[in-house]
Amino acid sequence: MEQQAVLAIGIFLITYAMIIAEKIHRTIVAMIGGVLMIVLGIVDQEAALHHIDFNTLGLLIGMMIIVSITAETGLFKYLALKAAKLSKGDPVRIMLALVLITAVGSAFLDNVTTVLLMVPVTFSITRQLQVNPVPYLITQILASNIGGTATLIGDPPNIMIGSAVKELTFMAFIYNLAPIAAVILVVTLPIFVLMFRKQIQTTPELKQSIMQVNEREVITDQTLLVKSLSVLGLTILGFFLHQMLHLESATVALAGAFLLLLLTGEHTMEEAFTKVEWTTIFFFVGLFVLVSGLIDTGVIAELAVKAIELTGGNPVATSMLILWLSAIASAFLDNIPFVATMIPMIQEMGNMGVENLEPLWWSLALGACLGGNGTLIGASANLIVAGMSGKEGYPIKFVQFMKYGFPIMLLSVVLANLYLYFRYLL
């Protein structure tokens, strides 16, 4: 192996280890790793820029702007309170209603933003019912990762895969992943009830108190709500039609974001830009440059050869290997750098003669998204909810979450495994 390839592997592994250790912010680590690839001459700056996927970044930024403005209207609080009243104040029914809102929200916004909006209102409802909020939060984490699996924009791994493979459109993700995500959600709902029903009991008086809340009072700005929902609707329609319109998903998201800013004025723009998660954006930039070092030195191609040798190029064995490897890895590692590494490897398999890559892409998406439910560190949404819960005096421990999350993750991946086999590989 050439010296440059050894150096690229060394930088990659050290960076990966530091991201896992979480002693230094992952964005700083990824950016320094990426810069080292350029400074040490493994890739030149022009090649590094070429490897940065601006479609992924544009889609993330566009959706972050739209969601941050929509959140100001109180829409999510309204939906949660309305669901609580429709559930007649029953804690178990409320838990299921919040799970469904989280899953659908995660599919059409993104799972991190959705949990950020759902957690405060969950605390508000559970305080009123005087029940433990942790079962609600754990089920919302699990639902956010399952719901996020269903669409191209639901979870960062899907955004990255959809951006790298032009044939995998927004509709292709829905057509191929939404059915299995829906099945997994339906199967897990009764399991959530069995797991938590005894922990969330309350009195008839407290149930009645929920019925007296006026959910319309939480809508803070009717005009902004109409503008936000109109633009959000147009943007989602744009995602459905982006292939027909010959537009990238990033163009649709950015067009929606700037249309909403045009309608709401400059003062909204300043606020919306401060709410874009720039640390996440630069984390992606660092990762793309980091992985470019492995691509340009031939390391990814070598890994693809080894993977094909291991499975004999058999599509069933290769798909299952990718699904389970992605799920287990994503449970214990950050799934974003893992997917950033796997995408060029699967592309290289295509260059080496593996004809039908579609099952491999769906295996990667299902494994990376569903694997995030395995542990508390499996996905960004998990850590965000745990952090917010801890600040409210209800810490969610690693083992506590794993006791519920890991079996759900295994069940989800078994269902995904069966789905992939019978739909694509039989």
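Two residues are in contact when heavy atoms lie within 4.5 Å. Keep that cut-off in mind for Gln 140. Leaving aside residues up to four places away in sequence, Gln 140 touches Leu 98, Thr 102, Val 115, Met 118, Val 119 and Thr 122. Gln 140 lies in helix H8, residues 134-148. Helices here are DSSP runs of H or I with at least four residues, numbered from the N terminus. Gln 140 has 2% relative accessibility, so it counts as buried. Buried means under 20% relative accessible area, exposed means over 50%, and partly exposed is in between (1.4 Å probe, protein chains only).

This is a predicted model, in which local features need pLDDT of at least 70, side-chain atom pairs count only at pLDDT 80 or more, and totals for chains, interfaces and linings use all residues. Residues are numbered from 1 along each chain as its sequence is written, and side-chain values use heavy atoms, with hydrogens and water left out.

Now the aromatic rings. The whole structure holds 10 aromatic pairs. Rings of Phe, Tyr and Trp (its six-membered ring) pair if their centres lie within 6.5 Å; planes under 30 degrees apart are stacked, over 60 edge-to-face, and the rest tilted. One of the pairs joins Phe 170 and Phe 240, edge-to-face, at 5.1 Å centre to centre and 80° between the planes. Phe 170 lies in helix H10 and Phe 240 in helix H12, so the pair ties together parts 70 residues apart in sequence. Phe 170 is buried, with a relative accessible area of 0%. Phe 240 is partly exposed, at 33%. Ring pairs link Phe 170, Phe 239 and Phe 240 into a cluster.

Phe 240 also belongs to a nonpolar surface patch of about 1000 Å². Other members include Met 171, Leu 234, Leu 237, Leu 241 and Met 244. Helix H12 (222-241) and helix H13 (249-264) are the elements that give two or more residues to the patch. The largest share, four residues, comes from H12. Met 171 sits in helix H10, residues 170-196. Met 171 counts as partly exposed because its relative accessibility is 36%.

Finally, charges over rings. A charge sits over a ring if NZ of Lys or CZ of Arg is within 6 Å of the ring centre and within 35 degrees of the ring normal. The charged end of Arg 26 sits over the ring of Phe 283, 4.2 Å from its centre. The charged end of Arg 423 sits over the ring of Tyr 175, at 4.6 Å from the centre.

Conventions. Patch = residues over 30% accessible without salt bridge, like charges linked within 9 Å, V, L, I, M, F, W, Y side chains within 5 Å. Areas by Shrake-Rupley, 256 points an atom, 1.4 Å probe, with all protein chains shown as cover. Salt bridge = Lys/Arg side-chain N within 4 Å of Asp/Glu carboxyl O.
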